[in-house]
Amino acid sequence: MISDRLIEQDTLTTDGTRSSVEVRIPWYRALPASCIAGVEFTVDGVTAPPESLTWTMNGRTFGIGELAEHTEEWWFPADSAVVTGALALAPGGEHTVRVGLRLYIPYIVTAHGVLRIEEHDTKTMEAQVRR
Amino acid sequence: MSAALGTPIQGVTLYSFTRAFHGRRYDLEGLVREVAARGLGPGLEIIGFSSFRGFPHLDEATIDGFRALVAETGLVPTSLAVNTDVGIRRDRLMTDEELVEYMRRQIEAAARLGFPIARVQIGLTPDTMERLLPVAERYGVTLALEVHAHQHAQAPAILRLRDRYDKLGSPLLGFTADWGATVSGFAPSLLEAYRRRGAPPGLLSAVVELWEEYRRQGPPYSEAEHGGRFSAFIELAARHGRPDLGVDMAVNGTGLFGPAPVAGWHEIQPWVRHVHGKFFGIDGTGEEPSVPVRELIALLVGAGYSGAVSSEYEGWHWNSWDDAFDMVAGEQAVQRSAAERAGSRMITDPRQARDLLPAHLARTPA
């Protein structure tokens with residue numbers, strides 16, 4: 001759903017070793033951190049190691065593995081979250097950014113458990129230096 | 001059947017404008033003002049978790065601000081759509097105790113915001129609905145469980161709820177009838193969207209044929225039957241070389257386009273407290289090509305229904321070329337025309353709506 005908006009255009013930043021991009025929820029309503037089932041962050045074909053990923057929303061930063069525990073922190077549909085991972089990038093120049101996101105939809109329980117959806121988006125943008 | 005013809009109340013759910021809100025073209029206040037300015041009310045439905053940051057925990061300023069906005073625009077709050085998020089934890093589903101408290105907080109928010117109805121969902125059973133009746137009474141809010149495809153008015157889970165409602169005899173427990181359960185065709189705008197994604201014509205005609213076959217068979221009566229249909233759409237897409245479209249076709253073909261007959265609604269009509277006027281598009285002739293809006297309005301009028309109909313445009317999932325505000329205006333024009341043809345009319349005057357809605361909700365199903 002509305003996966004073309006998953007990556008916010010022109011939000012790629014880097015400090016040289018770690019890089020970040022802003023993402024939007026591909027769903028119509030707020031979901032809690034515990035419903036963010038998985039994230040992949042790839043720039044120019046290189047995928048950030050999963051254990052290096054962090055997720056920032058509402059002013060709080062979580063390791064990706066910590067999200068599952070947090071039913072109290074909600075991702076609102078008009079708000080961006082920031083995905084950061086260990087990706088070495090040179091500033092400037094065009095980069096191809098791909099984000100994959102899996103979400104649990106907590107009110108839809110199927111024969112296979114709570115419904116999990118997968119969305120992805122790819123956009124091209126320059127990397128800004130983050131200080 | 002009621003002797004008096006119904007006068008359904010026109011209105012809209014802000015869900016219809018998800019793309020505009022998600023795209024930050026409007027905030028909540030802007031959307032409510034736009035709805036009022038375009039005359040798409042008077043009924044106003046909102047999804048709590050979509051529109052209120054921090055829902056269901058709302059501070060006094062948010063409550064006061066919303067109530068002032070409603071008063072200023074003259075709109076009439078109908079239903080606050082709340083969610084039965086039983087699967088919010090990763091280690092297990094909620095217990096019934098947790099679910100009742102989770103719903104209580106949202107029902108309280110509905111009351112504070114001034115909504116007389118809370119739309120609840122199928123995750124609630126007859127037992128949990130019965131446990132929520134004292135909550136509904138405490139806050140004076142009607143709980144209207146949504147009958148949404150792949151469910152339908154004659155499905156076993158829905159009839160079990162109806163029978164419990166009948167036993168409990170309270171006007172505060174009922175249903176939201178979603179027109180997506182009784183769709184008459186595979187939406188042409190979705191076929192156009194698949195075409196734009198390069199789907200071969202053979203796949204598109206096969207998808208339509210499969211859906212029409214299920215419509216001839218009637219809606220599913222078990223989860224296994226539903227699951228079999230879901231898989232059939234996935235397999236069809238794969239056979240035509242587009243496995244990437246399979247899940248989308250299955251979700252829409254079974255979960256948005258429910259193939260139940262319109263007359264099936266009679267099974268639960270006395271308990272219908274609210275209606276989602278679900279639709280997917282308005283064509284060049286001004287009609288909805290795949291939802292029998294005229295037949296559905298005639299049924300409501302004939303049944304004496306004077307509750308609200310929230311126009312619910314869902315074509316925005318795939319339709320990025322039409323304007324959602326124009327689509328809603330188009331569906332409401334069809335509704336008004338249909339009500340007149342049925343010998344009645346839709347209520348568009350806010351004062352009349354404010355009188356009729358409490359009277360409708362106070363009526364105990366006979």
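Is R104(B) buried or exposed, and what is its relative accessible area? I looked it up in this predicted model: R104(B) is buried at 17%, where buried means under 20% relative accessible area, exposed over 50%, and partly exposed in between (1.4 Å probe, protein chains only).

Residues are numbered from 1 along each chain as its sequence is written, with chains lettered from A and ligands numbered from 1 in the order in which they are written. Local features need pLDDT of at least 70, side-chain atom pairs count only at pLDDT 80 or more, totals for chains, interfaces and linings use all residues, and side-chain values use heavy atoms, with hydrogens and water left out.

Entry: helix 5 of chain B. I found R104(B) in a salt bridge with E101(B), N to O 2.9 Å (a side-chain nitrogen of Lys or Arg within 4 Å of a carboxyl oxygen of Asp or Glu). Both sit in helix 5 (residues 96-113), three residues apart, about one turn of the helix; helices are DSSP runs of H or I, at least four residues, and are numbered from the N terminus. E101(B) is partly exposed at 30%. Shared partners join E101(B), R104(B), R105(B) and E108(B) into one salt-bridge network.

Entry: I then checked E72(B) and R33(B), whose closest N and O atoms are 2.8 Å apart in a salt bridge. This pair links helix 4 (residues 60-73) to helix 2 (residues 28-37) of chain B, 39 residues apart. E72(B) is exposed at 57%, while R33(B) is partly exposed at 32%.

Entry: chain A. D121(A) and K123(A) meet at 2.7 Å, N to O, in a salt bridge. D121(A) is buried at 9%, and K123(A) is buried at 17%.

Tally: I get 35 salt bridges over all chains.

Note on methods: Helix = DSSP H or I, 4+ residues; strand = E, 2+ residues; numbered from the N terminus.
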